[in-house]
Amino acid sequence: MMISEILERNAEPTFEEFADSLIEQFKEADHFYIIHYCKKRDEIEERRCYWDEKSKIWLTSKNKIAITCVALDNEEHTIDGYRTFTNIFTIKGYKPKVETSEGVH
């Protein structure tokens, strides 16, 4: 169920509905950017990421939304490993312009 469908029925989405909808959108995206506050560097950062079968959305013990996914190096777009993001401001997803990446090569 899409978030817009939940809002149309004038219902507050449950966390599970919200997470399921977001996961479906992540799966459709080629990649996405998460803009979040990085506590380690004390600044707002943007990270390029993608979703895979080990990624997840969950609630922290402080009831914050957390997203664990594959983060890429911002310079080279190589895999930097799994990262967990909290204090998220924005998520921007991008769909591929062609069916598979093979169309680019």
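Contact here means heavy atoms within 4.5 Å. By that criterion, and leaving out residues up to four places away in sequence, Tyr94 touches Ala29, Asp30, His31 and Tyr33. The model under discussion is predicted. Its protein chain has 105 residues, of which 30% count as buried, and its secondary structure comes to two helices and six strands.

**Overall architecture**

- Along the sequence, the elements of the protein chain follow the pattern α-α-β-β-β-β-β-β.
- Among contacts between residues at least 6 apart in sequence, 43% join residues at least 24 apart.

**Helix H2**

- Helix H2 covers residues 15–28, and its 14 residues should span 20 Å at 1.5 Å a residue; the end C-alpha atoms are 20 Å apart, which agrees with that expectation.
- The buried residues of H2 are Ala19, Ser21, Leu22, Ile23 and Phe26.
- In general, an α-helix has 3.6 residues a turn, so residues three or four places apart point the same way.

**The largest nonpolar core**

- The largest nonpolar core has 13 residues, and Trp51, Ile57, Ile67 and Cys69 touch the most other members.
- H2, S1 and strand S4 (65–72) each supply at least two residues of this core.
- H2 gives the largest share of the core, four residues.

- Ile57 lies in strand S3 and is buried because its relative accessible area, 11%, is under the 20% cut-off.
- Apart from neighbours within four places in sequence, Ile57 is in contact with Phe15, Ala19, Leu22, Ile23, Phe26, Trp51, Ile65, Ala66 and Ile67.
- Ile57 and Asp20 are 37 residues apart in sequence, and their C-alpha atoms are 8.7 Å apart in space.
- Cys69, when residues up to four places away in sequence are not counted, touches Phe32, Ile34, Cys49, Tyr50, Trp51, Ser55, Gly81, Tyr82, Arg83 and Phe85.

**The largest pocket**

- The largest pocket holds about 350 Å³ of space.
- Its lining is made up of 16 residues, and those closest to the pocket centre are His36, Tyr37, Lys39, Thr84 and Thr86.
- Strand S1 (31–38), strand S2 (43–50) and strand S5 (79–85) each supply at least two residues of the lining.
- By residue class, the lining of the largest pocket divides into three nonpolar, five polar and eight charged residues.

**Strand S6: Gly93 and Tyr94**

- Gly93 is found in strand S6, which covers residues 88–94, and Tyr94 is found in strand S6 as well.
- Gly93 is exposed because its relative accessible area of 54% is over the 50% cut-off.
- Tyr94 has a relative accessible area of 36% and therefore counts as partly exposed, a class that lies between the 20% and 50% cut-offs.
- Leaving aside neighbours within four places in sequence, Gly93 is in contact with Ala29, His31 and Phe32.
- The C-alpha atoms of Gly93 and Arg48 are separated by 9.6 Å, with the two residues 45 apart along the chain.
- Tyr94 and Glu28 are 66 residues apart in sequence, and 8.6 Å apart in space from C-alpha to C-alpha.

**Loop residues**

- Asp42 lies in the loop between S1 and S2, and its phi is near 55°, a positive value in a residue other than glycine.
- At 56% relative accessibility, Asp42 is over the 50% cut-off and so counts as exposed.
- Asn87 is found in the loop between S5 and S6; although Asn87 is not a glycine, its phi is positive, at about 50°.
- Thr60 is found in the loop between strand S3 (56–59) and S4.
- Thr60 counts as buried because its relative accessibility of 18% is under 20%.
- Not counting residues up to four places away in sequence, Thr60 touches Ala66 and Thr86; Thr86 is also one of the lining residues closest to the centre of the largest pocket.

Note on methods
Residues are numbered from 1 along each chain as its sequence is written. This is a predicted model: local features need pLDDT of at least 70, side-chain atom pairs count only at pLDDT 80 or more; totals for chains, interfaces and linings use all residues. Side-chain values use heavy atoms; hydrogens and water are left out. The expected span of a helix is 1.5 Å times one less than its number of residues. Buried means under 20% relative accessible area, exposed over 50%, partly exposed in between (1.4 Å probe, protein chains only). On a 1 Å grid over the protein atoms alone, a cavity is a set of points where a 1.4 Å probe fits but cannot get out, and a pocket is an open set with protein on both sides within 12 Å along at least five of seven lines; lining residues have an atom within 4 Å of a point. Grid points are joined across faces, edges and corners, and a volume is the space filled by probe spheres set on the points. Ala, Val, Leu, Ile, Met, Phe, Trp, Tyr, Cys and Pro count as nonpolar, Asp, Glu, Lys and Arg as charged, and the others, Gly among them, as polar. A nonpolar core is a set of buried Ala, Val, Leu, Ile, Met, Phe, Trp, Tyr and Cys residues joined through side-chain atoms within 4.5 Å.
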